[in-house]
Amino acid sequence: MDNNSISFKARDTLDTRGKKSTIYRLDKLEENGLCKITSLPYSIRVLLENLVRNTDGKVVTEEDVKNLAGWKPGNVPKTDIPYIPSRVILQDFTGVPAVVDIAAMRSAMKKLGGNPEEINPVIPADLIIDHSVQVDCYGTSYARNCNEKHEFQRNRERYELLHWAQNAFDNFNVVPPGSGIIHQVNLEHLANVVHLREENGETVAYPDTLVGTDSHTTMINGLGVLGWGVGGIEAEAVMLGQPYYMPIPEVVGFELRGELKEGITATDLVLTVTQMLREHGVVGKFVEFYGPGYRKLSLPDRAILANMGPEYGATMGFCPVDEVTLDYMRMTGRSEEHVNMVSQYCKEQGLFAERDAPVPEYTSTLGLDMGTV
Amino acid sequence: MSTAFHRTMKDVFSLKKGSEDFENDSDYSRWLEEGGYSIVEKTHPGHSGIRKIKCEGEEVDLNHGSVAIASITSCTNTSNPSVLIGAGLVAKKAVERGLKVKPFVKTSLGPGSKAVMDYLEAAGLVPYLEALGFHLVGYGCLTCIGNSGPLHKSVVKEIEERDLTVASVLSGNRNFEGRISPHVKANYLASPMLVVAFALAGTVDIDLTKEPIACDPNGEPVYLKDIWPANGEIEQYCGKYVQPEMYEKEYANVFQGTERWQELDAPEGLLYDWNNESTYIQEPPFFQDFPLNIGNMEDIKDARALVVVDDSITTDHISPAGSIPADYPAGRYLMEHGVAEEEFNSYGSRRGNHEVMMRGTFGNVRLKNKLVPGKEGSWTVYLPDGEEMPIYDAAMKYMENDIPLVVIAGKEYGTGSSRDWAAKGTQLLGVKVVIAQSYERIHRSNLVGMGVIPLQFREGESKESLGLKGDETYTIKGISEMKPGGELEVVARNPDGKEVTFNVTVNLNSDIEVDYCKNGGILHKFLRDKVKGE
C-alpha cells in the first residue's frame, strides 16, 4: 500500500542507532500548512499520527486528517474521526463473552462455507485474567494457594475456553490467572509507549494506543499512552479491525505548579484535582496535565491521576511522555534500547514534553499549586 | 508529622463523602459494579458514637463501626511502591510495639503485580505484614471488586443477630454500599498504610489523630504517629529494594501461567468444541439462521411493549451482574441443569452462556416495570391476554406468536456500567426498537452494535405527554428509509382502538450505524462481509 502520496508525504525513515524504521512525521503536516504542531495538545498529536499513518483513502481519508489537524481551542470540528487503536486489552469478565462471540463467528464461518481461519483478531489483544479470584482463605501462608485452587474449581469451564483461545487465535495473548491486575500488568509490562512493529515487510514505529474493556483503562495515560474504556461490543469490533469512531474531543489543560507538602500523598492531590475537574465539567473531554509540578510528579502518582479519569468524568487524563516516563520504563525492566527508541521517536515527533516546550493551546485550562493541597 | 496523618485521616472520610456524590452521578455510575455485584439500597451507617479502647483487660468486641475487612487491594494503589513499602513499615513498627490485629478483621494483601512481593520480600517486610495477617491472598482484583469472600461464620452471625453496621477499609477506588461484601454496609477507602492502621484499631469509629490505636503489651497507648514511617524512610527503602530485575523476572514468562493453568484440559483446534452440557459456555445464537443476503428492513407492525420504565434505568436493571435468584428463570434454568443453588455463581461469571443471560435480561429484582404497577422485579404482562409472568417467559411467548417487541423508557436509558449483555439480551428477547427520551452513550452504541434501533421521543415529548400506557400496539413506519438523525412515524393503538400518532428521532450517528442495524449488528455485518470476501 503506497499511502505516501495520500498522507501528506509524511512517511519517512527513523534511524535509531543503526536500526531503521518507518515513521509518519507530524511535522510534514505543518509543512503542508495544516497545523502548527506545537500548538496542539500532546494527546491530539498522538491521535493525528494515528490518522496520518492509517490514511488509505477509504477507512481513513485525507479529509479526516485535515479535520483533526484543524483542531483549535475555540473551534473543535464537530465530526467523528476513525481512530484505529494499536491494541486492545480485556479482563476476563468482559473478555469471556468477547471470546465466545469470536469463537461463534468461527463456527458460523465454517457452516457458511467460508474459511474459519479468517476470523481472527486483526488488532492485537491481551486478555488479563484478574476478576475471578476470591478471598476464600486469608491470614495464613497457604492463602494464595487455597484461593487459586478454589478459583480454578469455580472457573474451570471459563478458563478452558480462554486457554483454547490463547492457542487458537492469532494476535491474541492471555495473561493467565495469578499474574496480576490488568492495569498494572499493562503499566509495568505490556505498554511499549512506542511500538516497533513488523508490518507488511517493514518495521514501523508509532505510538502505543489502545482501548480496553475496563473503566480504569485510563491508568495507562499516566505513561503517556492514549487509551480508555469501551463497551465489550465496541472492543470486539476494534479487535476485528473496525475503526473506533469518536467525536473530536475538547482538551482541558491542567497545570500543576509547586510541590506537595511533606506528608501529603498523591491521594490528596487526586481528590483535589478530581473535585476541580468535576466542577469544571470534563465529560467527553480529554484532560492533559502539564507544568513544573507535573514534571516532578512520580510515575505512580501520575498513574493514580490517570486511573481516576472515570471518577472525574473525562475520557482520559493524559500525562505526556517526559524523562519521568523514561525513568519508570527503566525501573520496570524495559530494555535500554527500547527506552532510547521511545525517547528519540517522541522527541522527533514533538510528543516529548520538553522542559522549554511551549504550552499547547487548550480548550480551557485549570491550575493548581500543589503546595496548597 | 501531625499534618501527615491528620490529612490522611481526612482522606478516609472525605473520600467517603466524595463517593456519595459520585454515586448520584450518571457519568460516574456508568462504570459501577463492573466486578459484578449489585448496589444495595442506600442505608446510612448507624455509628454507635465514640468508643474508647480499653487499655487493659479484654479485647474489643464486635460493634457498629468495627472493621470486618481490611484489605490492601486494587489497581489504584498497589502499583505504587512507596505506599506498599509504607504499609510494610507501618506493620513493622506495629509488630515491634507488640500490637495485634483484632480477631474479627479479615485481613488481606492482594497486589496487582508479582513484583510487589519481590520488593516487599527483599526489604524484609513480609514477615511483619504476615504477623498482622496481611498474607498474600493472590494476584488480582479480589476485594476491590467484591470478591472479598466469606467472613468468619461467627462474625456473620453477630452482624445479623445484632443488625450491626460494620465497615471495610480498603485501598480500592470505589466504595458503594454492598459492593465489597453483603454483610458490610460501610466501606472506607484509604491508603494501604491506613488499611494496616485500621486493622490494628479494629474500628472506624475512632479519631486516629487523637486516640490511641491500641495498647502495647505493657499497657502503654500506641498512637498512629508512633508507627508512621517518615517519607525519607520510605524513599530510602524504595531506592534500595525496588529493582528493575524484579520486573524483568516476573514478566519474563507472563503468558505461561501457573501449573494449574498449564494443566487445564482445554480443547485445541481451529474451532471451539462447544460442550452442550456446560452451564458457563454455550454457543450463542447470534449467527444461527444467518442469511448471507439481507433485504431492506421492514416496518414494525403491531409490536407490543415488553417493558415500560421511567428515567435512569441502568444497565444493571437491564442485565444484572450479581446473584441469580433461584425462583427466577435463570435460577430455574440452572437448577434444571443440575446446578445447586450454592453453585449458581453470579450473572457476571455466566456471561459466556446466553441461556442464563437471556433469562436474566431485565432480571433485576428491583426493576419497576410500569406494566405491573406496584410490583418490583423481573415481571411483565403478556398483553394479548393480560397474564402476569416473568419477563423472559413473556418474551418467549411473544416470539412463539411472532409478535415483535419494543421497550418504552424515560431519560438516560442504559446509564451505569458499560455492559454489552444489556444490549445482547435485549436483542435475544426479540426487542426490535427502544423508544426513550435519551440514552447513555455506550449503551446506545451497544444497542446499535446488536442491531436494536434506538429511537428517541422528540424534545419535550414523553410517554406521559403522549398518554402512552404501554398496553398499546405499536406500528413503526419508514424503517427501510431511515436516516441518521431522521424521523419515523409511530402509531400507537390502545385497547379501545384509539390511535395516537407521533414522530420519533432515529438516534443513529452515521450511515455505518444504519448498516449495522440492517445487518442485525456489527458482528453480523463483519461476518457477512468476511464470508462474501469483502
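This is a walk through a predicted model, starting with chain B as a whole and then stopping at a few residues and helices. Residues are numbered from 1 along each chain as its sequence is written, while chains are lettered from A and ligands numbered from 1 in the order in which they are written. Local features need pLDDT of at least 70 and side-chain atom pairs count only at pLDDT 80 or more, whereas totals for chains, interfaces and linings use all residues; side-chain values use heavy atoms, with hydrogens and water left out.

Let's begin with chain B. It holds 19 helices and 15 strands; these are DSSP runs numbered from the N terminus, with helices being H or I of at least four residues and strands being E of at least two. Of the 534 residues in chain B, 61% are buried. Here, buried means under 20% relative accessible area, exposed means over 50%, and partly exposed is what falls in between, using a 1.4 Å probe and protein chains only. The accessible surface of chain B is about 20,800 Å², and carbon and sulfur atoms own 46% of that. Such areas come from the Shrake-Rupley method with a 1.4 Å probe, and for residues only the protein chains shown count as cover. As for contacts (heavy atoms within 4.5 Å), take those in chain B with a separation of 6 or more: 71% of them are between residues 24 or more positions apart.

Now hop over to chain A and find helix H4, residues 92–111. H4(A) is largely enclosed by the rest of the structure, because 18 of its 20 residues are buried. At its N-terminal end sits a cap, A:Gln91, with a side-chain oxygen 2.8 Å from the backbone nitrogen of A:Phe93. Just after the helix, A:Gly113 takes a positive phi of about 90 degrees.

A:Asp92, in H4 of chain A, deserves a stop of its own. This residue is buried, with a relative accessible area of 0%. A polar atom of its side chain lies 2.8 Å from the backbone nitrogen of A:His131. The side chain of A:Asp92 also makes a polar contact of 3.4 Å with the side chain of A:Arg158. (A polar contact is a pair of N or O atoms within 3.5 Å; within protein, one must be able to donate a hydrogen and the other to accept it, and residues adjacent in sequence count only if both atoms are side-chain atoms.) Leaving out residues up to four places away in sequence, A:Asp92 touches several others, including A:Leu127, A:Ile129, A:Ser132 and A:Leu162.

Next come the salt bridges, and there are 50 of them over all chains. Each is a side-chain nitrogen of Lys or Arg within 4 Å of a carboxyl oxygen of Asp or Glu. In chain A, A:Glu259 pairs with A:Lys296, the closest N and O atoms being 3.6 Å apart. The pair links distant parts of the chain, 37 residues apart: A:Glu259 is in the loop between strand S12 and helix H8, and A:Lys296 is in helix H9. A:Glu259 is exposed at 52% relative accessible area, and A:Lys296 is exposed at 53%.

Over in chain B, the side chains of B:Lys463 and B:Asp310 form a salt bridge of 2.8 Å, N to O. B:Lys463 lies in the loop between strands S12 and S13 and B:Asp310 in the loop between strand S7 and helix H12, so the pair ties together parts that are 153 residues apart in sequence. B:Lys463 is buried at 3% relative accessible area, while B:Asp310 is partly exposed at 32%. B:Lys463 has a salt bridge with B:Glu464 too, at 3.1 Å, N to O, and B:Glu464 is partly exposed at 49%. Salt bridges also link A:Asp101, A:Glu236, B:Asp420 and B:Lys424 in a network.

Setting aside neighbours within four places in sequence, B:His317 contacts B:Ser312, B:Phe362, B:Gly363, B:Asn364, B:Arg366 and B:Leu367. B:Gly377 is 60 residues from B:His317 in sequence, and their C-alpha atoms are 9.2 Å apart.
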